[in-house]
Amino acid sequence: MSHGNPPSSAERLGRALVELTRRPEMRHGDVQALCDGIAVDQLIDLACYHRVPGVVYRALTTLDVDVGGHDLADLRAAYQMAAMGHVRCLVELHGMHEILSGLERPWLVVKGPVLVELGYGDPGARLYEDLDLLVAPRDLASALHLIEAGGGRVTDINWPMMAELHRAEIPMMLPSGMLGDLHWHLLVTPGARARFTISVD
């Protein structure tokens, strides 16, 4: 876009999405003005595509943005699904806390529920599908044994490929039925691990 030309409809749509996903104190300009005249159906599709429907729904309802009578049912359903998924994850996490209490070293929960609790502060804001657990490399075998003894199982996996690629995560079905990734490092691939110095311990 050349300087001085009005923004295209695609650019206005993108700006509206960005502003709706910002924290309130970080927003620039009037969100209602950005939303006026854009295709709300396209905004909803874009929010779902970028996996932020819950954030956009919360912003639209909190700000009481006029969406011209458009039905926000898809955004509301995504928000509710995310909230229910988070509760399910907390149930799974409670069980994992008991199962992994037998490890010698501490373990961590990363990504999904941590982002929801500490980053977004709203269980409906972000949809995630699995529970990522990080254990010390020396505890990997023990963690696998404990999870399987508690009713979990390793999902179909190509072990020769995993060994060849040195991937630092093992996909699992956790005891209460949620998908999980058991990590022995925060960085999954050897290339990523080579670029950073991170001590898991």
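Helix α5 (residues 73–99) lies across strands β1 and β2 and runs at about 30° to β2. The model is predicted: local features need pLDDT of at least 70, side-chain atom pairs count only at pLDDT 80 or more, and totals for chains, interfaces and linings use all residues. Residues are numbered from 1 along each chain as its sequence is written, and side-chain values use heavy atoms, with hydrogens and water left out. Helices (H or I, at least four residues) and strands (E, at least two) are DSSP runs, numbered from the N terminus. Axes are lines fitted to C-alpha atoms, for helices over the stretch in contact, and angles run from 0 to 180 degrees between N-to-C directions.

**The sheet**

- Five strands form an open sheet with mixed pairing, in the order β1-β2-β5-β4-β3; two strands pair if DSSP finds at least two bridges between them.
- The edge strands, β1 (108–110) and β3, each pair on one side only.
- Strand β2 (residues 130–134) pairs with β5 in the parallel sense over five bridges, and Leu-134 stands opposite His-183 in β5.
- Helix α6 (residues 112–120) packs on the sheet, where it touches β1 and β2, and its direction makes about 75° with that of β1.
- Strands β4 (residues 169–173) and β3 (residues 153–154) run antiparallel and are joined by two bridges; Val-154 has Met-172 of β4 as its bridge partner.
- Strand β4 is also joined to β5 (residues 179–183) by five bridges, and these two run antiparallel; Pro-171 has Asp-181 of β5 as its bridge partner.
- The hairpin of β4 and β5 has five residues between the strands, and Gly-177 in this hairpin takes a positive phi near 100°.

**Helix α5**

- The 27 residues of α5 should span 39 Å at 1.5 Å a residue, and its end C-alpha atoms are 39 Å apart, which agrees; the expected span is 1.5 Å times one less than the number of residues.
- Leu-75, Ala-78, Ala-82, His-86, Cys-89, Glu-92, Leu-93, Met-96 and Ile-99 of α5 are buried. Buried means under 20% relative accessible area, exposed over 50%, and partly exposed in between (1.4 Å probe, protein chains only).
- These buried residues pack against α3 (40–49), α4, β1, α6, β2 and α7 (140–149).

**Helices α1 and α4**

- Helix α1 (residues 9–21) packs with helix α4 (residues 53–62) at an angle of about 85°, their axes being 8 Å apart.
- Helix α1 is therefore roughly perpendicular to α4. Angles of 65 to 115 degrees count as roughly perpendicular, under 35 as roughly parallel, over 145 as roughly antiparallel, and the rest as oblique.
- Leu-17, Leu-20 and Thr-21 of α1 make the contact with Val-55, Val-56, Ala-59 and Leu-60 of α4; contact means heavy atoms within 4.5 Å.
- By class, this contact has six nonpolar, one polar and no charged residues. Nonpolar covers Ala, Val, Leu, Ile, Met, Phe, Trp, Tyr, Cys and Pro; charged covers Asp, Glu, Lys and Arg; the others, Gly among them, count as polar.

**Individual residues**

- Leu-133 is in strand β2 and is buried, with a relative accessible area of 2%.
- Leaving aside neighbours within four places in sequence, Leu-133 is in contact with residues including Leu-93, Met-96, Trp-107, Val-109 and Leu-182.
- Arg-51, in the loop between α3 and α4, has a positive phi of about 60° although it is not a glycine.
- Lys-111, in the loop between β1 and α6, is not a glycine either, yet has a positive phi of about 65°; Lys-111 is partly exposed, with a relative accessible area of 47%.
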